Amino acid sequence: MTSTGLTKESPIIIVGAGVFGLSSALYLSQAGYTNITVFDKQPYADNAYSTADGADAASADFNKCMRMSYGEEIEYQRLAFDGIKIWNAWNDEIRSAKPEDLPRGLRPSDRIWNNCGFLRMSIDGQLSPIERATLANLTREGLRHTQFVLGDPEDERRARSHFRKGEWEKKSDPFGRKRQGKDLVGVFDSTAGFVEASKACIWAMHLCRRNGVRFVLGEKDGQVATFIKDASGKTVGMRTKSGVEYRSKLLILAAGSWTPSLFPAVSSLLETTAGSVAYFQLPPRDQAPDLWDKFSPENFPVYAYGGWSKGHGIGGFPRTEDGIVKVGYRGVKYTNYEDVRDPVTGKTHRISVPKTKYWPQPHDPAITKQAVAAIKEVVKEAMPELTAIGITGCRNCWYIDSLDNGFLIDRVPNDDGMLVCSGGSGHGFKFLPVLGREVVKIIEKPEAKNAYGKLWQWRTKESGPKNGLEQGENGQRNWKRQVMATKDDWKFREGSRL
């Protein structure tokens, strides 16, 4: 029994079947807890986390960046490297499995983690302070050999022997800047790459089920209507939209961008924001073999265009197996404030909420003109091959940001029955294989917090910037102040900024 009275048989409810909820469920089950139920309003068992089949959450996506570069934040760097070992093991287990033993949506040929590398490219001719801090911390950990500073004579020499023939030239300069006479400055991280997000979630859910974790999914059966409190105000369960009550010794709220709307008390620490994504569908392989080859993971890295310096907030990925090239924009993290009724107190709050198909109000899948303009500017400069194709699809990806970009994993003050596990801040997915390890430690030893328990504890910030949270509804990021792009805006025209 833990110091909070939690036994291995105690009923544990997890609200949210995204990265934070899945990882928590997996590690709790591995630690011997036998009565775990995960709830989610999305029918992931039916859509296999596929956005093409209706999944609409940050954890459901083609791909997410796997990076080790964290500047001064060495705890995240170390956790990411711990995760790599498990990502590799998961790839091996999937590859060796029989097709009939894998969950729907996965095949033995699937690699949910692809070590294609990550190019952090500067466009102002110098490495930023965060890049230098990253290199210093990697050196301190004995990992400097995994990083290649573009233009550094020693690193360039090492690269010739580290990469296969011709690979370094393609991945270190995927935009042809040398050929155009432009500066090529940045860092190539050979340990990084991308994970196939939706498939990784399918696999994690499969592992959880294999360990006896139960899942209750769907808009009525899996959706929270309210939390149940005892006379002292402690959370002791929840009621779903279908009217069924479930009791818990511990309820873990891991609802991603829906967290503040379910529990408004956390809105001073967490805010729901949107990143913008555009897709470029390559022509069929036999019609454009050169494009399929250029943008393949074997020849093209994950990239940040502008690194951590004076970029446009643009990053992107190699093509998918279906020939989709994804480009993301996080230069502005949009908010969407609505009236939200606290399901417990009945009070109404103004809170940023995700505009997805699973929110009661109608949602618009279009991205902003501002995002389209930024994406098109970079594509015209760096990937002109895609201009003839134009943007062929888009999506708003609703994240949950914390006031300092760090996670929030801690019991609610004065409520031992609820633990908030959220605040991914756009960089949480890579930790799917390892985050739950730390969650279990936080649950079992709340008075003896390790470095992660202290980093992710409940906190406040009285003054100064709060990662945009200080702007609130009156800020320029408010969705209602934006102009949405039309499909005509997706096209590239000579002499036009849009």
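Angles under 35 degrees count as roughly parallel, over 145 as roughly antiparallel, 65 to 115 as roughly perpendicular, and the rest as oblique. The exercises below use a predicted model.

**Exercise 1. Classify the packing of helices H3 and H4.**

Step 1. Locate the helices. H3 covers residues 74-96 and H4 covers residues 129-140.

Step 2. Take the geometry. The axes lie 11 Å apart, at an angle of about 60 degrees.

Step 3. Apply the classes. H3 and H4 are therefore oblique to each other.

Step 4. The crossing of H3 past H4 is right-handed.

Step 5. List the residues that meet. H3 brings Ile74, Gln77, Arg78 and Phe81. H4 brings Thr134, Asn137, Leu138 and Arg140. By class, this contact has 3 nonpolar, 3 polar and 2 charged residues.

**Exercise 2. Find the edge strands of the open sheet of 6 strands.**

Step 1. Write down the order: S9-S2-S1-S13-S22-S21. The pairing is mixed.

Step 2. Look for strands that pair on one side only. These are S9 (214-217) and S21 (408-412), the edge strands.

Step 3. Note the twist. From one strand to the next, it averages 20 degrees.

Step 4. Check the partner of S21. Strand S22 (residues 415-422) runs antiparallel to S21, and 5 bridges join them.

Step 5. Helix H11 (residues 435-444) lies across S13 (250-253), S21 and S22. H11 runs at about 25 degrees to S21.

**Exercise 3. Describe the ring pair of phenylalanine 148 and tryptophan 168.**

Step 1. A pair of aromatic rings is described by the distance of the centres and the angle of the planes.

Step 2. The structure holds 26 aromatic pairs.

Step 3. Read the values for phenylalanine 148 and tryptophan 168. Their ring centres are 5.7 Å apart and their planes stand at 55 degrees, so the pair is tilted.

Step 4. Phenylalanine 148 is in strand S6 (residues 147-149), and tryptophan 168 is in helix H6 (residues 167-172). The pair therefore ties together parts that are 20 residues apart in sequence.

**Exercise 4. Which residues does lysine 466 touch, not counting those up to four places away in sequence?**

Step 1. Locate lysine 466. This residue lies in the segment after helix H12 (451-455).

Step 2. Name the contacts. Lysine 466 touches Ser402, Leu403 and Lys461.

Step 3. Compare sequence and space. Lysine 466 and leucine 403 are 63 residues apart along the chain, yet 4.6 Å separates their C-alpha atoms.

Technical notes: Residues numbered from 1 in each chain as written. Predicted model: local features only at pLDDT ≥ 70, side-chain atom pairs only at ≥ 80, totals over all residues. Heavy atoms only, no water. Axes fitted to C-alpha atoms, helices over the stretch in contact; angles between N-to-C directions. Helix = DSSP H or I, 4+ residues; strand = E, 2+ residues; numbered from the N terminus. Left-handed = near helix turned anticlockwise from the far one by under 90°. Contact = heavy atoms within 4.5 Å. Nonpolar A, V, L, I, M, F, W, Y, C, P; charged D, E, K, R; others polar. Pairing = 2+ DSSP bridges. Phe/Tyr/Trp six-rings, centres within 6.5 Å; stacked < 30°, edge-to-face > 60°.
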